[in-house]
Amino acid sequence: MDTDRLVEDHKKLVYHVIHRTVRDRAAHEEIFQEVFLNVLESLPRFEGRSKLSTWIASIAVHTCYKFVQKARERERVGSFADWLEGRPEPGVPPDVQESLEKGDIKRRLEWHLAKLPRKHALPVTLFYLEGMSYREIAEILEIPLGTVKSRLFRGLKELRKSIEGGGDGTLLG
Amino acid sequence: MEPCLDDVLRWDYLNGALRGGDRALFEEHLGACPACRREIDELRKTAAAVAGLTPSAVPAAWTAAAKDRLRAKALAAAVVPSGPALARRRTNVFQYAAIAAGVTGGLALLFGLVMGNPVRSWLPDLSAALGIPGPSAARTARFVVWILSLHALLLVPSIIDNVYRLVTRGGRK
């Protein structure tokens, strides 16, 4: 198994999943390593029934879920589905928000996207940034195909609302 | 306010997946509903902005660290067991062989005892003790014991085969 290739081919996917689900930036690198170690460990059980990238994304999402569960053991995180309903926590520190330049469209859009609940942010990211199909997203998030479409639609609506609410309406032309 | 149309329908229209009569009906509704028309128009712009986002760059240090850790883990898994581990496996093989030999010997002894003189002479007494009347009943009892012993002997190859499988499966780990 070419482990270097495994990391190289899937690093952006794993990075995106972590960014959309865990807000604690200090933990991102640790989770990134953890995801790939989990992938390597589970590789003998990969049966090839789905694409490798879909399978890796699924491991990434579950690793993030377990990480948040472990980090917040005193609080109730709930089931995987409950966790997806929530927004990444803790919130972005105000100084980071202030440092975002108005002209930096990409970063501002990313920031609005990161504020969405995971159930909306993840499908939007996987669809638009990773080019995944509805079926692949459905498999990763363990939801029906129709729910993927409705979450994509709701995700765009929430994003629009956040952009307009944040006085960033010009981002959308 | 309740939306006029279903989320999935609106998503499909937004992505050009709505065709034929459904599309015509949808467009007919858009023509009569300024709110839906405005919403579709706004979401089209939002979708275009998100689709224009480029995937974030993964820090090079994260990638390098992940590659190093995966290489180390893969190497550790591939190392041939030596010293104590190998000796332990050899001990296990001898233990299993000894058990198989013991079971075989024990069953052979039982078979010999049943078929040999000591038991032939002892069975009628046993029959008497158990209240089995007459020599024909004793013969029947001897025959039953003989059949049972033969069945037990026939199990020996299966036991040895299972022990062998157990040992070789342990050897592949």
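**Figure 1. A:Glu142, a partly exposed residue of chain A in a predicted model.** A:Glu142 counts as partly exposed because 13 C-beta neighbours lie inside 10 Å. The burial classes rest on C-beta atoms placed from the backbone: a residue is buried with 20 or more others within 10 Å of its own, exposed with 12 or fewer, and partly exposed in between. A:Glu142 sits in the loop between H8 and H9 of chain A. A:Glu142 is not a glycine, yet has a positive phi of about 55°. Helices (H or I, at least four residues) and strands (E, at least two) are DSSP runs, numbered from the N terminus. The model is predicted: local features need pLDDT of at least 70, side-chain atom pairs count only at pLDDT 80 or more, and totals for chains, interfaces and linings use all residues. Residues are numbered from 1 along each chain as its sequence is written, while chains are lettered from A and ligands numbered from 1 in the order in which they are written.

**Figure 2. H3(A) crossing H8(A).** The axes of H3(A) and helix H8 (residues 134-141) of chain A come within 9 Å and cross at roughly 35°. Axes are lines fitted to C-alpha atoms, for helices over the stretch in contact, and angles run from 0 to 180 degrees between N-to-C directions. The crossing of H3(A) and H8(A) is right-handed. A crossing is right-handed if the near helix is turned clockwise from the far one by less than a right angle, and left-handed if anticlockwise. From H3(A), A:Thr54, A:Ala57, A:Ser58 and A:Val61 meet A:Glu136, A:Glu139 and A:Ile140 of H8(A). Two residues are in contact if their C-beta atoms, placed from the backbone, lie within 7 Å. The contact of H3(A) with H8(A) has three nonpolar, two polar and two charged residues. Nonpolar means Ala, Val, Leu, Ile, Met, Phe, Trp, Tyr, Cys and Pro; charged means Asp, Glu, Lys and Arg; the others, Gly among them, are polar.

**Figure 3. A:Phe67 in helix H3 of chain A.** A:Phe67 counts as buried because 20 C-beta neighbours lie inside 10 Å. A:Phe67 touches A:Val22, A:Ala27 and A:Ile31, not counting residues up to four places away in sequence. A:Phe67 and A:Val22 are 45 residues apart in sequence, and 8.7 Å apart in space from C-alpha to C-alpha.

**Figure 4. The largest nonpolar core.** This core has 50 residues. A nonpolar core is a set of buried Ala, Val, Leu, Ile, Met, Phe, Trp, Tyr and Cys residues joined through C-beta atoms within 7 Å. The residues with the most contacts inside the core are A:Val14, A:Ile18, A:Ala60, A:Cys64 and A:Val124. Helix H3 (residues 52-71) of chain A gives the most, nine residues. A:Val124 touches A:Leu113, A:Leu152, A:Gly155, A:Leu156, A:Leu159 and B:Val50, leaving out residues up to four places away in sequence.

**Figure 5. The side of chain A that touches chain B.** Across the two chains, 34 residues of chain A are in contact with 27 residues of chain B. Helices H1 (3-21), H2 (25-42), H6 (105-115), H7 (118-129) and H9 (145-165) of chain A each give two or more residues to this side. H9(A) gives the largest share, ten residues. By class, the residues on this side of chain A are 18 nonpolar, six polar and ten charged.

**Figure 6. H9(A) packed on H1(B).** H9(A) and H1(B) pack at an angle of about 75°, with their axes 8 Å apart. That makes H9(A) roughly perpendicular to H1(B); angles of 65 to 115 degrees count as roughly perpendicular, under 35 as roughly parallel, over 145 as roughly antiparallel and the rest as oblique. H9(A) brings A:Gly146, A:Lys149, A:Ser150, A:Leu152, A:Phe153 and A:Arg154 to the contact, and H1(B) brings B:Asp7, B:Val8, B:Arg10, B:Trp11 and B:Asp12. The contact has four nonpolar, two polar and five charged residues.

**Figure 7. H1(B) against H3(B).** The axes of H1(B) and H3(B) come within 11 Å and cross at roughly 60°. That makes H1(B) oblique to H3(B). The crossing of H1(B) and H3(B) is right-handed. B:Arg10, B:Tyr13 and B:Leu14 in H1(B) meet B:Ile40, B:Leu43, B:Arg44 and B:Ala47 in H3(B). In helix H1 (residues 7-14) of chain B, B:Leu9, B:Arg10, B:Trp11 and B:Tyr13 are buried. Just after H1(B), B:Gly16 takes a positive phi of about 70°.
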